[in-house]
Structures are given as structure tokens and as C-alpha cells.
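Let's take a walk through a protein model together. Have the picture at hand and look up each residue as we come to it.

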Amino acid sequence: MHQQEHTQAVHAPAPARGLGVATFVISLARFIVVLDGTIMIVALPSIQSSLHIPLSDLNWVINSYSLMFGGLMLVAGRIGDKYGRKNVFRVGLVLFGAASLAGGLASDGTWLIALRAVQGIGAALATPGALSLLVSTFPEGKARARALGLYGAATGLAAVTGLLAGGVLTTYAGWEWVLFVNVPIVAAVLLGVGRLVEPAPKRISIDVPGALAGTLGIGALILGVNRVGEHGWSDSVVIACLAAATVLLSGFVLTQRISAAPMIPREVLSDRGRVGANVVTFIQSAGMFTTYFFLTLYMQEVLGYSALRTGLMYLPFAVGTGLAAGALGPQLLQRLSERAALSTGLLVAAAGTGWFCCITPESSIYAVLIPASVVTGAGIGIVATTGTSIGVRGIDSSEAGIGSAMLTAGGQVGGALGLAVLATVAASTTRHVAVDHSMKDALTSGYVAGFGIAAGLYLLCVAITLVTVKPLNPSTPG
């Protein structure tokens, strides 16, 4: 009895004046780790030229980060539940900041790739802590809805801001600054961690077989799908990675069924709406990251935009995402049912992504790119807020770390897998059209095919939402 009371004990709520600081700290932490997933993309040519990284290894500047970030997410969430969210959050931030500083000073490609992996470890440790500390600090209701709105805005804005900031910093300051910029942000977040509220660490044992199977399985899956773009689905390493992922993740599911202390507590999966939100996050991330990828290629390879101009063209996307996640999403959660709010965001995202299907090699930015970017960004912003809210609803604060880790890991893996599949579809379409048309027409046709499937994925998510997301039963565990 004493142990149960200790486990569920929660610090007193933070005073109102501290909630604004807490929201800012959590959102900024989320912003920086998502930002780092895209900010390096535009800088890759400069990095290759400066560090003389072979073209065959250049993708590891991105993949080493995503591999560690996604692969370690579940175990990082459980570590935070056991040893304290603030402690693990701080360790992750310090590791992330130190690796960023060292990476910017790297004079060798191998060291940069290794330090990017360390950044990914730091991001994996910090990310579940950020969302779980939000759940602990803000009780369910208007305050949490507003905090989730800013958290969602940070998530959506970071991905597109990374593309913008990468172009600006690389052009005017040098590629090193896409890493150096993290250091003062990390310092600012660390100064505000004391304002966050967390429950007492839970006296749990970590399921080691489950942790190993889950971590290695997700890592093998991410590694396999990241190789598809360059080597194709028939590559022996891709096949081996996907086979290993299937075996390991099947083993993970088995261990969760029989373990006395599973990595994913049964209480977290007890609500069908939470499960549905995780599935929606997985699928919609495929559509979201594919949209960023194809839009970037279209602007650079078809319209001939520079890296800087391409980055600046993401401003409409950022405006739509920020306004929707920070203001519209929380309003919808307060005025509509959770199911209706999430479905609205998914339908808006589908409409905007479908609008991108109207592109041609001579498209006007005012007829297609700008309005479609605003609409798509708005949909993504609403989904980021409402999906996250549903994904952590009703979870006991002592289990919030693993709950938030599931959402983030699902988004990471879904984005990588969706990009690999849809890039293959786009490439196949381009090869087919190129037989009778110009290369610009062929490339555009490939991107249109990718946008069309991405819009379809959002509509699939609407169907999943309607089936799974119901009002939370007050008696539901957690």
C-alpha cells in the first residue's frame, strides 16, 4: 500500500505564473530535436564538400540521427518512468547539446556521423521526457489543451523551420551553424527545467528482453527503409534488415504478452482511442514527411530554386502549421469531440496535399504552392495537437513517459517507411512517363503520384479515427 501511494504521488501543481515558462521549456525542447531531423538536409552538399564525405556515406549524416532517435525511444521512455523524467530529460539535453557543439567542430566525416548518432541518443532520452512532463505539469482541461497546442506547434514548425533555417544558415554562416545553433537553445531549456512538475519515479523493473527486441527491431526497420531510396527493395541488406525487424518486433510483441513488467504497460493500451491515435500518428507521418520530401525536390529539380529560396518557400507552411497548432487545434478540442477535432485536421491536411497534385512544371506559386502549403500546414498543425492529446489522454502520469515515447517512435518509423515506399512509387512513375515526355514533366508526374497517395493516407486516417476514437470512459484504467 505504501509503495502504491509513493508511486502515484505527484508534486503539487506548479503555480500559474510558472506554467507559461513550463510550456515554453517543453515546447522548445521538442522543437529542437525535431528541427535537427530536417535542418541538416539542405546543408548536405556543403558538408560533403567541406569534409570530403563519399557520396555513398553522405546519407548517414541524416540516418545515424534518425536510427538512434527512433530506435531508442521506447526504452528511453521507460528509463524516464523509472529514474525520473527531469533527470533523464536533463541528461538527454546535455548529451544533445554537447554532440551538437562537437559536431560543428568536426573536421572528419566519420566523426560527424558518430556525433550525429550521439545527438540521436540525446534526442531519444529528452523527447519522451518532454511530453510526459507536460502531462505531469498540466492537468487535463483547458491548460493542458493550450500547452499541447504549443507543443504541437513546435512539432509541426520544427520540421519546416529546419528546411528554412538550414538554407539560411548554410548560405550565410556555414554548415557548422546548423549544429552550433542548438547549443544556446539547449542552455535556455536547461535553465527552465526546474519549473516542470513530475511524479515520483515509479518502482518498476525494466523488461530487458523486451527492451532489446523492441530497440533492435525498430532500429533494423529504420535502417532497412532508409537504404531503400538509394539501393532499392531488392538490396540484400534491405531484405536482411526487414527480415530481422520482423523477427525482433514479433519477439517484442510476444514478450509484452508474457512479461510481468512489459515495456508497454497494458494500461497504456487499454483505451482504444489511444491506440487509434498511435496508428494515426504512424500513418499520417508517412504522408507528412513524404510531402516535405517531394515538395523540396519539386522546387529544386523542376522549378530550379536555390537552397535558400526553397527554404523561404516553407514560410507559408510554417505559418499554417503554427497558427493551427497553437490556436485552432486547442479551440477544436474544446468545442468539438476529440474524434471530430482530429478528423477535421486530417481532412484539411488531405485537401491541402491533394491541392499539390495540381502542380505542373510551370505552376504559379500563387495558384498552387502558397495556398496548398498554408492549407496542408494548417491540417498538420491541427493533427499534431489533437492526435497528441488523444494519445496521452487518461494515462496515469507515472506511465506518461512510455505513452509519449510510443507516439514519437510511431511518427519516426512511419515517416521513414512512408518515404521509402512513396519514393519508390514516384521513381517508378517518373521512369514510365520519361519515355514519352521531358524529364521535368516526368519528375512532376512522379511527385504528383506521391502527393496523391499521401492525401489518401490522410483519408485512411480519418476512417481509423472514426472507428477507434470514442469518448474516454471514466472507469478506463490510467
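## A tour from the inside out

Ala325 counts as buried, because its relative accessibility is 0%; buried means under 20% relative accessible area, exposed means over 50%, and partly exposed is in between (1.4 Å probe, protein chains only). Before we go on, please note that this is a predicted model, in which local features need pLDDT of at least 70 and side-chain atom pairs count only at pLDDT 80 or more, while totals for chains, interfaces and linings use all residues. Residues are numbered from 1 along each chain as its sequence is written, and side-chain values use heavy atoms, with hydrogens and water left out.

Ala325 is part of helix H16 (residues 315–335). Helices here are DSSP runs (H or I, at least four residues), numbered from the N terminus. Which residues does Ala325 contact, leaving aside its neighbours within four places in sequence? They are Gly149, Leu150, Gly152, Ala153, Pro330, Gly381, Ile382 and Thr385, where contact means heavy atoms within 4.5 Å.

Ser27 sits in helix H2 (residues 16–38). With 8% relative accessibility, Ser27 counts as buried. Residues up to four places away in sequence not counted, Ser27 touches Leu150, Tyr151 and Ala154.

### Pairs along the chain and in space

The table sets places along the chain beside C-alpha separations.

| Pair | Apart along the chain | C-alpha separation |
|---|---|---|
| Ala325 and Gly379 | 54 residues | 8.7 Å |
| Ser27 and Gly149 | 122 residues | 9.4 Å |
| Met406 and Ala463 | 57 residues | 21 Å |
| Lys440 and Val237 | 203 residues | 32 Å |

### Cores and a buried helix

A nonpolar core is a set of buried Ala, Val, Leu, Ile, Met, Phe, Trp, Tyr and Cys residues joined through side-chain atoms within 4.5 Å. The largest such core has 127 residues, and the members that touch the most others are Ile47, Val61, Phe89 and Leu369. Another core of six residues lies apart from it, with Ala324, Leu332, Leu333 and Ile382 among them.

Val61 touches Met40, Leu44, Ile47, Ile53, Leu112, Ile113 and Arg116, not counting residues up to four places away in sequence. Val61 is also one of the buried residues of H5. Why is helix H5 (residues 60–71) largely enclosed by the rest of the structure? It is so because 10 of its 12 residues are buried. Besides Val61, the buried ones include Tyr65, Leu67 and Phe69.

Helix H11 (residues 182–192) has the buried residues Asn182, Ile185, Val186, Val189 and Gly192.

A pocket is found on a 1 Å grid over the protein atoms alone, as an open set of points where a 1.4 Å probe fits, with protein on both sides within 12 Å along at least five of seven lines; lining residues have an atom within 4 Å of a point. The second largest pocket has a volume of about 650 Å³, a volume being the space filled by probe spheres set on the points, which are joined across faces, edges and corners. It is lined by 20 residues, and Leu74, Ile218, Phe252, Ile264 and Met406 are the closest to its centre.

Helices H12 (208–231), H13 (236–258), H14 (272–302) and H19 (400–433) each supply at least two lining residues. H13 gives the most, with five. By class, the lining has 14 nonpolar, four polar and two charged residues; Ala, Val, Leu, Ile, Met, Phe, Trp, Tyr, Cys and Pro count as nonpolar, Asp, Glu, Lys and Arg as charged, and the others, Gly among them, as polar.

Met406 belongs to helix H19 and, at 15% relative accessibility, counts as buried. Among the residues that Met406 touches are Leu74 and Ile264.

### Out towards the solvent side

His52 lies in the loop between helix H3 (44–51) and helix H4 (55–58). At 67% relative accessibility, His52 counts as exposed. Its phi is near 55°, a positive value in a residue other than glycine.
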